[in-house]
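Welcome! Please take a look at the sequence and the 3D structure below before reading on.

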Amino acid sequence: MENLVFKGENSQALTNSLLVAEKFGKEHRNVLQSIRDLMGTAEFSAYPQMFVETVYYNQQNGQEYPMFVMNRDGFTLLAMGFTGKKAMKFKLDYIAAFNKMEKALKDGQKNLSGAEYLLQQAQLMVEQERRLKTLENRMDTLDKEREENGRKLLSVKLSNERAPQQTMKSKIRELVNQYSSATNTSQQNVWHLVYKKLYYVYHISINSYHKLTPKESKLDVAERNELLGKIFNIVSDLIRDTKAA
């Protein structure tokens, strides 16, 4: 595989993920994932031009598959993760290929006449304007779709009734459930801790109150005796302490 590097649209030396995978003997999907991992880092956001995602056509099954085109900097960043003696040789082969292509491109630029250079720059400007126009058209389409979706939303028939407000008892149960999940503690132990704190903080023993029915829970008893506010405070403190830890 001799053509490791090729000339891009803007006379830039480029390679792609397929060539890299083949040269380094790696699965293409693994190379794609390595590139996506690099692009997902916060530091990479300042250098988006290193990799450009595109597709290639598989002649065997007629399907399109993802592929990345990269410049020298992108390849260098990607190849940092490739180790071993063979990998070092392949890196050197790639560096030589980049150097050769960049030299050829520079020599080609030197041989351009003034008119040819102006023509080349004009072609680049036309291409940039075409891409900008395409982007503007896409933005216009998105704006129109957003406006249309907004009109559709306003025309949706809504219920005349409002959803009931969440009760204090429901809020407490929700917080206990969240605390239980966050701390990997059983809900039974969480409730035990809550009622224990109710006793030590407010000097109130929930067990001192009699149940009206066998099915009545301790929280029902607390609601009947207007203790939900205190229990809500206790559970809130538990969650705050967990966040602060």
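## About the model

This is a predicted model, in which local features need pLDDT of at least 70, side-chain atom pairs count only at pLDDT 80 or more, and totals for chains, interfaces and linings use all residues. Residues are numbered from 1 along each chain as its sequence is written, and side-chain values use heavy atoms, leaving out hydrogens and water.

## Helix α2

Helices (H or I, at least four residues) and strands (E, at least two) are DSSP runs, numbered from the N terminus.

In α2, His28, Val31, Leu32 and Ile35 are buried (under 20% relative accessible area with a 1.4 Å probe, protein chains only; over 50% is exposed, in between partly exposed). Seen down the axis of α2, the buried residues fall within an arc of 100 degrees (taken from the directions from the axis to the C-beta atoms), so they line one face of the helix.

## Aromatic rings

The whole structure has 10 aromatic pairs (rings of Phe, Tyr and Trp, using its six-membered ring, with centres within 6.5 Å; planes under 30 degrees apart are stacked, over 60 edge-to-face, the rest tilted). Trp191 and Tyr195 form a stacked pair, 5.8 Å centre to centre with 20 degrees between the planes. Being four residues apart in helix α7 (residues 187–202), they are separated by about one helical turn. Trp191 is buried at 18% relative accessible area, and Tyr195 is buried at 10%.

Elsewhere, ring pairs link Phe24, Phe75, Phe82, Tyr94 and Phe98 into a cluster.
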